[in-house]
Every structure is written in structure tokens, then in C-alpha cells.
Amino acid sequence: MSRNTKINVLLLLAVAALAVLPLVLGLGDHKEEPFTGSDAEAEKTITEIDPDYEPWFSPLYEPPSGEIESALFAAQAALGAGVLAYCFGLRRGRRQGEERAARAALRGASASEGD
């Protein structure tokens, strides 16, 4: 197994552990909704500190359910990952194209010197 393969396997195991360990260890068992987002936790904490707090603005769109909100969040994350992957792939493709062009130019120069 190559070094890169070992690193990739270790990274995948680490990600799987981060996803599974909170469930296995029961880290959210003492809460009513154990794995809510940070927005909900912040709102809960603010209302505990100051019950009369009024938000400065309201959301432009309030999804009708938590499932739709999660789906929109996942779509946003997928779109962002797609844009990043495209940019990285474009940069790599350009670099590879430049390397090929440089090699072809060297081959062409060496072939013309031999004439």
C-alpha cells in the first residue's frame, strides 16, 4: 500500500470516527434535541440570558420544516464543494497543460537542432 493510500484510509477513518463517536458515546442524551445546529443553541442561550431580546432582523425565507432546512443546507454545501472541486481541477488542468506544452517545445527545439 502506498503512502498516499495509507493517509487517505486514515483520514476516512478519522471522519467516520467523528461522525459515529458522538452517537456511540451518547453525548446528546441529556438534551431534548441532541444534535441541533449552532443557530438553535445560540437562540436558546440568548433567550435564557435576556428573555426580552428582540432580533435585529428576520430571515428572508423560513422553511416550513426542519427536513427542508436540512436539505437546503446540504444542497448549499454540495454546490460549494462542486465549485471548489471545479476550481482545483481547472488549476491542475492548466498546470498540466503548461507542462505538456513546455515538454513539446523542448522536443521540438531538440528535433530542430538535430537537423
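**A first look at this predicted chain**

Hi everyone. In this chain, confidence is highest in α1, at a mean of 91, and lowest in α2, at 85. That confidence is pLDDT, the predictor's own score for each residue, from 0 to 100. Helices here are DSSP runs (H or I, at least four residues), numbered from the N terminus. Over the chain, the mean pLDDT is 87, and 93% of residues reach 70 or more.

Some ground rules: this is a predicted model, where local features need pLDDT of at least 70, side-chain atom pairs count only at 80 or more, and totals for chains, interfaces and linings use all residues. Residues are numbered from 1 along each chain as its sequence is written, and side-chain values use heavy atoms, leaving out hydrogens and water.

Let's start with α1, residues 3-25, where we find V20. V20 is partly exposed at 44% relative accessibility (buried is under 20%, exposed over 50%, partly exposed in between, with a 1.4 Å probe and protein chains only).

Next, helix α2, residues 38-49, holds D39.

Finally, S58 sits in the loop between α2 and α3 (66-113). S58 is exposed too, at 55%, and its C-alpha is 35 Å from that of V15. Thanks, everyone!

Definitions and conventions: Helix = DSSP H or I, 4+ residues; strand = E, 2+ residues; numbered from the N terminus.
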